[in-house]
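Student: I have just opened this model and would like a friendly walk through it. Could you take my questions one at a time?

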Amino acid sequence: MTTLTDPPKASFRLSMLFNDTRYRSLTFQAIAAVALALSIWYLGNNLIQNLRAAGLNISYDFLGDPAGYDINQRLVEYDSQSSHAKAALVGLLNTLLVAFLACITATIFGVIAGVLRLSNNWIVSKLMAVYVEIFRNIPVLIWIIIIFTIMTAVMPGPREFRGDNPTSSMVLDLFAFTNRGVYVPMPFFENGLFGSPTMNWVLVLLVAVGSWFATRKVSARAAQIQADTGVRPKTLWTNLAIWLVPFLALMVIMGLSWEVPALKGFNFSGGIKIGGPLIALWFALSIYTGAFIAENVRAGIQAVSKGQTEAASALGLRPRRVMNLVVLPQALRVIIPPLISQYLNITKNSSLAIAVGYADITATLGGITLNQTGRAIECVLLLMLFYLTASLTISMVMNVYNASVKLKER
Amino acid sequence: MAGPDKNSIAFVATEVIPESPPPARETGIVKWGRENLFSSIPNGILTLVSLWLIYVILSSTLPWILNGVWTTSSLAECREVLAGKTGACFSVLTERWNQLLYGFKYPTDAYWRPNLAFVLMLVAIAPVLFFDLPRKMLVFTALYPFVAFWLIWGGTIMAPVVALLGFVIAGAFFQKFGRSNFALGFFGGAVIALIVWSIGGALIPEGASENAVLSAVPSRDLGGFMLNMMLGLTCVSLSIPLGIALALGRQSNMPLIKGICVVFIEFVRGVPLITLLFVASVMLSYFFPPESTVDLFLRVVIMITMFSAAYIAEVIRGGLAALPKGQYEAADSLGLDYAQAMRLIILPQALKISIPGIVNVAVGLFKDTTLVSVISMFDLVGMIRGPILASTEWNGVYWELLGFAALLFFVVCYSISQYSQWLERKLHKGH
């Protein structure tokens, strides 16, 4: 016979707040809430008093005032009469630009180094181990400064390209590496279909997206045929044609040309100028983060057990298909989450731009604007808000991806 | 018929053929080279490319390093000595050695103090790193922060003594009451320590630091690699307890406490360290009482500690999550309360799992201490970019200085990560 023992129906006593597990968590949370409120009140009160003493207030009106400083590297129209908000926008786009570029190159460096580190070739794997250890164990700030120094102190100045017997010359007559930055040819359309160059590039992008969808269709159809008949039709040439023909046609119609940089007066003009700070930041971030990604890639590949490779070989798959169909999908599940947190690190480390004078958002909003207006609190809060948004967006993407590749278990 | 004649059998070997050596291509270095360097054509190409790369790197750096000049007093003199040959001007390191290590304002006659503090640090840290050493040494580790503070900042010995006294009395209180009631012991101890500090602080006479045995050094005079070491060590050791508390808070089933911890951790992890340093340099002073003056070093320590605590909390949360649920249930079934279960069962195991992660965070943090140069503190990088490269004698000596900084950080970080791997192998109790 079982008897249920009811909890004792003793009347509530004050000591139960601490000794009874039913109430204790409430007590602790109440204490925590009071402590939190008190500290917020204390800090807020200090803030108000300090601001009053300094004759300041919290206001974001300064964002509308003219910034009064120039930014060399910019993706949108900007001059010194533009507002502080516009300067912050220029910085924001610059941050996104360098983060995007560095993510791509860091992935390339990392994958190459990670795969080569597992190579059977002794000297190559050791070389890659040295690369990884050297770059992981030295602060990224030092790397940024080192590469910036190479860009400014070692590269020739534009004047060395002048004269009859110049000491420096352009690479292939197309690229100029100077201490002010690297000049590369700029593509443009002679008779674009639209008036503005931006619209023409959007058109090119649209065509590329269209090609991508078309190739997806072709692959899906090939998979369908394979499922029905067991023979997969060759899709390589079709896909190549889908990619190249519309693209080339568009280029011919719009008359693609290249504007090659040339020495005019004391400096190069024409072409696209990639400033020294941007290159230093981009390259340093990619090569530093590449070392971390290499370790992730290596760990991911090693995480796939040897039995998987052997089983795939036993099924008669060829080495390439073993890699593509069995090893990589499983390795990617291990590699991608740390890879995305490395992307996050790149985005955050790009704030080191301020050390080499690249006008990212930290340098514009958190640097010059802050110093000019003295609006420390507002600027730092906006800065944090931007980075928080970027980080949370990236982690959200990561969570969606993780959910989609999670092992489907019962 | 006669027995089989010896010659009627076609061939019988009558003596053992001597063992011949294996073919040359199947032994020794040749075999190793064939298998590891030239097993296929692409592999051979890779080998050659790597060799060429190594040659390029060595041929450009070795003469430069070996030709180095160590004894001149300025770049111009150094170039004279080199007379057009390639060579490094390492004399900037010898001439500015003290600045690189201690910053340019630390009193010259007091260099022995940070040196002594550094040596004592090795002694203090040894029992933490190597478990085989006698446990009694931990007493010195506990005393070390106060000793080091007194050595580096100097001033009256009363300040560290009062600080130590507060901890000792609070610890004694915790020993007495914490066994039966953790919350009472902990919070009671904290209150008692605060009381001791405020009474002690009031007792220290004004101007006690002026005629102290060790002359007082203000925080803004600290610099060089010493500053990096101090920031790294202080912030890591402060952030481990804070990180444990945050990780436990995040695991808690009290929604308010969990919420506070989650918001704090995600906020700090979402912003770059630089913005937090900006907070330390331009914003944090607004949040202190109007008449107080909290110096920049302390503000930076607060922000970096918060930063690394959030990362360490995430590492420890991983360790907590990796423990089998049975451990929590076993602790409950033994009748242990929360504090006992955590202290005796959960945390020892969870921390052991998290050690490699914590070391990774520590290495990352140590590298990140260079960022303080951005808010114009003169750490190693700040010294190089500021006073040394800007001086007329050494304007233009980039590679020697940057290479030296890189080497220092590499040595420290690489040894820490090797230690972590060694520890991981040692702690690995599996099969």
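Student: Over residues 87-114 of chain A, how far apart are the end C-alpha atoms?

Tutor: Keep in mind that this is a predicted model. The UniProt entry, which is unreviewed, lists residues 87-114 of chain A under "transmembrane region". Over that stretch the chain is 100% helix and 0% strand, and its end C-alpha atoms are apart by 39 Å.

Student: What is the strand content over residues 236-258 of chain A?

Tutor: Residues 236-258 of chain A are also listed by UniProt, in an unreviewed entry, as "transmembrane region". Here the chain is 83% helix, and the end C-alpha atoms are 30 Å apart. The strand content of residues 236-258 is 13%.

Student: Now to the two chains together. Which helix gives the most to the side of chain A that touches chain B?

Tutor: In total, 48 residues of chain A are in contact with 41 residues of chain B. Several helices of chain A supply at least two residues each to that side, among them H2 (21-54), H4 (122-136) and H10 (319-349). The one that gives the most, with 13 residues, is H2(A).

Student: By class, how many residues on the side of chain A that touches chain B are nonpolar?

Tutor: Let us sort that side by class. It has two charged residues and 14 polar ones. The nonpolar residues there number 32.

Student: Are H5(A) and H17(B) roughly parallel or roughly antiparallel?

Tutor: H5(A) spans residues 140-154, and H17 of chain B covers residues 398-427. Their axes are 10 Å apart, and the two helices pack at an angle of about 165°. Angles over 145 degrees count as roughly antiparallel, so H5(A) and H17(B) are roughly antiparallel.

Student: How many nonpolar residues are in the contact of H5(A) with H17(B)?

Tutor: The crossing of these two helices is left-handed. H5(A) brings A:Ile142, A:Ile145, A:Ile146, A:Thr149 and A:Ala153, while H17(B) brings B:Tyr398, B:Leu402, B:Ala405, B:Ala406 and B:Phe409. By class, the contact has no charged residues and one polar residue, and its nonpolar residues number nine.

Student: What distance separates the C-alpha centres of domain 1 and domain 3 of chain B?

Tutor: The domain assignment of chain B gives domain 1 as 24-66, domain 2 as 155-213 and domain 3 as 217-427. The C-alpha centres of domain 1 and domain 3 lie apart by 41 Å.

Student: How much of residues 225-420 of chain B is helix?

Tutor: UniProt, in an unreviewed entry, lists residues 225-420 of chain B as "domain: ABC transmembrane type-1". The end C-alpha atoms of this stretch are 23 Å apart, and its strand content is 0%. Its helix content is 79%.

Methods
Residues are numbered from 1 along each chain as its sequence is written. Chains are lettered from A and ligands numbered from 1 in the order in which they are written. This is a predicted model: local features need pLDDT of at least 70, side-chain atom pairs count only at pLDDT 80 or more; totals for chains, interfaces and linings use all residues. Two residues are in contact if their C-beta atoms, placed from the backbone, lie within 7 Å. Helices (H or I, at least four residues) and strands (E, at least two) are DSSP runs, numbered from the N terminus. Ala, Val, Leu, Ile, Met, Phe, Trp, Tyr, Cys and Pro count as nonpolar, Asp, Glu, Lys and Arg as charged, and the others, Gly among them, as polar. UniProt positions are given in the numbering used here, feature names are shortened, and annotations may be inferred rather than shown by experiment. Axes are lines fitted to C-alpha atoms, for helices over the stretch in contact, and angles run from 0 to 180 degrees between N-to-C directions. Angles under 35 degrees count as roughly parallel, over 145 as roughly antiparallel, 65 to 115 as roughly perpendicular and the rest as oblique. A crossing is left-handed if the near helix is turned anticlockwise from the far one by less than a right angle, and right-handed if clockwise. Domain bounds come from an automatic or database domain assignment.
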